[in-house]
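Please look over the entry below before reading the comments. They go from the whole chain down to single residues.

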Amino acid sequence: MGSTWKVYVLALISFLVGTSEYIISGILDRIAVTLGTSVAAAGQLITVFSLAYAIGTPILMAATAKMDRRKLLLYSLGLFIAANLLSFVLPGFELFIAARIIMALGAGMVVVTALSIAAKIAPPGKQAGAIASVTMGFTASLIIGVPLGRMISTALGWKAVFLAIALVGVLAMVVIALSIPRIKGDEPIPLMKQFALLKRPQVAIALGITFFWLGGYSLAYTYISPFLLEVTHLNDSLLSAALLVFGIASLIGSKVGGYSADKRGVMFTLATGMLLHIISLILLSFAGHSVVAVFAILILWSFAAWSSGPTQQYNLISLAPESSGVMLSLNQSTMQLAMAVGAAVGGLVIGHVSLASITWFGAAGVIIAVIATFVLSGMTSRQPAIQKADPIH
């Protein structure tokens, strides 16, 4: 098996992990009904997953840094598969939460290890492309995984989604064991060294942009299924199509965002994308019962929201190029924390205000991110030498 096909296998694993994380938003209404809980409470399944991912991943990766990468990937994938099987067989809301925590710990290690392996098995000069291919698995989970999961849940029940993920995971595990070579681990970077970057004001503000941009997005997207069904009165049969359109728009948005960042600059792309993000969330509240309007606004929302993804990653790397790996790791943890907080705040909004208001609260979060973007722009224009700052030591 050539290196390209090995990277595709790693991308498949990324797809499975992304689907396991994002699918909750696509089947939230059915989980709530089946487990006898409220939509707001069911939304905390995303909070729990994201918190466990954000906190557990850097700790576990630091503890296993010296382990052979193939062995670590197999162990991590095994833990992830076991958690999906537990999600399928265990009854009750509390046990499902426990399974989600285990799933998140396995998922975090799987993703980081898969990215590391992709970079090491790719031919010289093609490492970035290999990493991008693995990352695309996450995007594909939004495009294919979430709507497909919704269809599976309609036909076989929502728990069948996790059984399907586990079965495909077992197949991927066999392929990895047969095709991925043994790869030496890395020297561990102590967590305190990683967090030392947060002492730089520009880095702290840049991570704040990630937190409020994705937190605002997560606040609304976590509850997208019940919102579309109950607020815009979208027909249940159209929900899978809406999720598919949303995922396709996210892919296009990511591509356009990266292109715009190269051509028009990071700050222009971030500010423009987030302003459109805010407008689309507000418009969604006024979509009424028009299917055409709902679909059009969903496309704009997803396109705008995900145009900020690659742009923000490039922004963070440019702030500390000597510590790019650590910066991306911190950004991943910040993204998961943002999704956790967004889902938690969204649950509070639904419980104490209304389901219809989540788009307004989501827009408020993105507004803070826009303000932070302009603050960072002003700081970097006054101090262009930030890249010459001392590296972590």
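Predicted model: local features only at pLDDT ≥ 70, side-chain atom pairs only at ≥ 80, totals over all residues.

1. The secondary structure of the protein chain consists of 15 helices and zero strands. Its radius of gyration is 20 Å, close to the 21 Å that the globule rule gives for 393 residues, so the chain is as compact as a globular protein of that length. Along the principal axes, the C-alpha atoms fill a box of roughly 55 × 50 × 35 Å.

2. Burial and surface. Of the 393 residues, 53% count as buried. The protein chain exposes about 16,000 Å², and carbon and sulfur atoms supply 72% of that area.

3. Contact range. Taking contacts between residues at least 6 apart in sequence, 86% join residues at least 24 apart.

4. Nonpolar core. The largest nonpolar core has 110 residues, and the members touching the most other members are L10, I31, L228, L298 and W301. Helix α1 (residues 3–34) gives the most to this core, with 14 residues. For L228, leaving out residues up to four places away in sequence, the residues touched are H233, L234, L239, A242, V294 and L298.

5. Buried arginine. R150 lies in helix α6 (residues 127–156). R150 counts as buried because its relative accessibility is 0%, the cut-off being under 20%. What does the side chain of R150 make a polar contact with? The partner is the side chain of D29, at 2.7 Å. Beyond four places in sequence, R150 is in contact with I23, G26, I27, D29, R30, S225, L229, D236, L239, S240 and L243.

6. Helix α12. This helix (residues 266–284) has 19 residues, which at 1.5 Å a residue should span 27 Å; the end C-alpha atoms are 27 Å apart, so the two values agree. Buried residues of α12 are V266, T269, L270, A271, G273, M274, H277, I278, S280, L281 and L284. In an α-helix there are 3.6 residues a turn, so residues three or four places apart point the same way. The list of buried positions can be read with that in mind, for instance M274, H277, I278 and L281.

7. A partly exposed alanine. A364 sits in helix α15 (residues 358–382). Its relative accessibility is 37%, which is why A364 counts as partly exposed. A364 and D68 are 296 residues apart in sequence, and their C-alpha atoms are 45 Å apart in space.

Technical notes. Residues numbered from 1 in each chain as written. Heavy atoms only, no water. Core = buried A, V, L, I, M, F, W, Y, C linked by side-chain atoms within 4.5 Å. Buried < 20%, exposed > 50% of the residue type's maximum accessible area, 1.4 Å probe, protein only. Helix = DSSP H or I, 4+ residues; strand = E, 2+ residues; numbered from the N terminus. Contact = heavy atoms within 4.5 Å. Expected span 1.5 Å × (residues − 1). Polar contact = N/O pair within 3.5 Å; in protein donor to acceptor, adjacent residues only side chain to side chain. Rg over C-alpha atoms; globule rule 2.2 N^0.38 Å. Areas by Shrake-Rupley, 256 points an atom, 1.4 Å probe, with all protein chains shown as cover.
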